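Come and read along with the model on screen.

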Amino acid sequence: MQLGILVRRAANLDSTWTTLHLAQAALDRGHDVRFMEPGDIEVDDRRQLVARTFGFESAGGITVERMVRALRKREAPRRYLRLDALDVLLMRCAPFDPTIAALGLMAADAGVEVVNDPRGMLRVQHKAWLASLPGVPIPRTLVTRSLAQAQVFFDKHRKPVVVKPARGSGGRAVHFVRRRDPVGFDRAFRAASEALGSDRHVVVQTYLPEAEAGEKRLVWMDGTLL
């Protein structure tokens with residue numbers, strides 16, 4: 001099997017990242033791995049979707065550390081291929097922007113199995129999606145661009161709140177605001193609105209004290225809780 005992995009920038013990869021361990025697991029199982037960046041993908045003059053990739057062969061016996069070093073220094077062998085020659089394309093880009101979504105959709109249209117489905121990723125990348133789901137227990141939540149609306153929400157619920165960008169990941173620009181701190185609230189709202197990658201929509205949620213006990217992540221696959 002040929003496994004393609006789309007990353008935002010190969011030079012930023014780190015040996016602790018899940019992406020690299022997925023790649024090594026594939027190599028250990030006899031599959032070949034092709035890393036690529038969005039700028040490596042193009043449509044040639046025959047209307048074919050192609051990519052310049054960093055190639056790793058299953059027979060190479062490469063470790064995660066060697067793989068990272070080769071990718072960061074751009075010393076990994078370059079392999080030019082048609083994307084429809086891939087069996088699977090893993091989308092490992094954050095944040096997930098319209099360019100990456102378009103490339104993923106084109107690969108899917110060419111018959112490649114794309115994980116995760118770009119259509120699903122487009123829906124869920126904005127936190128307004130989760131806030132709008134009926135029947136899902138979440139804290140009281142407002143998603144808005146309006147500071148005035150957010151101030152009304154803050155005054156109404158009289159609780160500590162969490163303020164964060166509606167688009168973003170990795171815990172960036174997330175703020176905890178205490179109950180009687182309107183100045184801190186305004187500052188947090190503006191910071192979340194202006195965060196890198198934000199579309200200026202901001203999520204304001206009442207704080208759950210139970211969060212102090214830590215978070216729990218459940219992995220659900222094909223209808224089974226793993």
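Which residues in α1 meet which residues in α2? I find L20, H21, A23, Q24 and L27 in α1 meeting V64, M67, V68 and L71 in α2, where contact means heavy atoms within 4.5 Å.

**Ground rules.** I am working on a predicted model, where local features need pLDDT of at least 70 and side-chain atom pairs count only at pLDDT 80 or more, while totals for chains, interfaces and linings use all residues. Residues are numbered from 1 along each chain as its sequence is written, and side-chain values use heavy atoms, with hydrogens and water left out.

**The helix pair.** Two packed helices are described by the angle between their axes and the distance between the axes. I looked up both for this pair: α1 (residues 18-28) and α2 (residues 64-72) pack at about 115°, with axes 10 Å apart. The axes are lines fitted to C-alpha atoms, for helices over the stretch in contact, and the angles run from 0 to 180 degrees between N-to-C directions. I also noted the hand, and α1 passes α2 in a right-handed crossing. For the record, a crossing is right-handed if the near helix is turned clockwise from the far one by less than a right angle, and left-handed if anticlockwise.

**The whole chain.** I read 7 helices and 13 strands in the protein chain. These are DSSP runs numbered from the N terminus, with helices being H or I of at least four residues and strands E of at least two. The C-alpha atoms fill a box of roughly 60 × 40 × 40 Å along the principal axes. Of the 226 residues, 38% count as buried; buried means under 20% relative accessible area, exposed over 50%, and partly exposed in between (1.4 Å probe, protein chains only). I then checked the contacts with a separation of 6 or more, and residues 24 or more positions apart account for 65% of them.

The chain exposes about 13600 Å², and carbon and sulfur atoms supply 51% of that. That area comes from the Shrake-Rupley method with a 1.4 Å probe.

I followed the chain into the loop between α2 and β5 (78-82), where R74 sits. R74 has a positive phi of about 55° although it is not a glycine. Most residues other than glycine have a negative phi, and most peptide bonds are trans. R74 is partly exposed, at 41% relative accessible area. E75 lies in the loop between α2 and β5 too, and E75 is exposed at 55%. I also took the C-alpha distance from E75 to Q24: 17 Å, across 51 residues in sequence.

I located A173 in the loop between β9 (161-165) and β10 (175-177), and A173 is partly exposed, at 23% relative accessible area.

Is T53 buried or exposed? T53 counts as buried, at 0% relative accessibility. T53 lies in strand β4 (residues 49-56). Setting aside neighbours within four places in sequence, T53 is in contact with R34, F35, M36, P77, R78, R79 and L81.

D40 is in the loop between β2 (32-36) and β3 (41-43), and D40 counts as buried at 4% relative accessibility. Beyond residues up to four places away in sequence, D40 touches V50, A51, R52, F54 and R78.

**Around β7.** V114 lies in strand β7 (residues 113-115) and is buried, with a relative accessible area of 9%. What does V114 touch, not counting residues up to four places away in sequence? I list L89, M91, G104, A107 and A108.

N116 is found in the loop between β7 and α4 (118-124).

**Last stop, H157.** I placed H157 in helix α6 (residues 147-157). Leaving aside neighbours within four places in sequence, H157 is in contact with R140 and T206. H157 and T206 are 49 residues apart in sequence and 7.5 Å apart in space, C-alpha to C-alpha.
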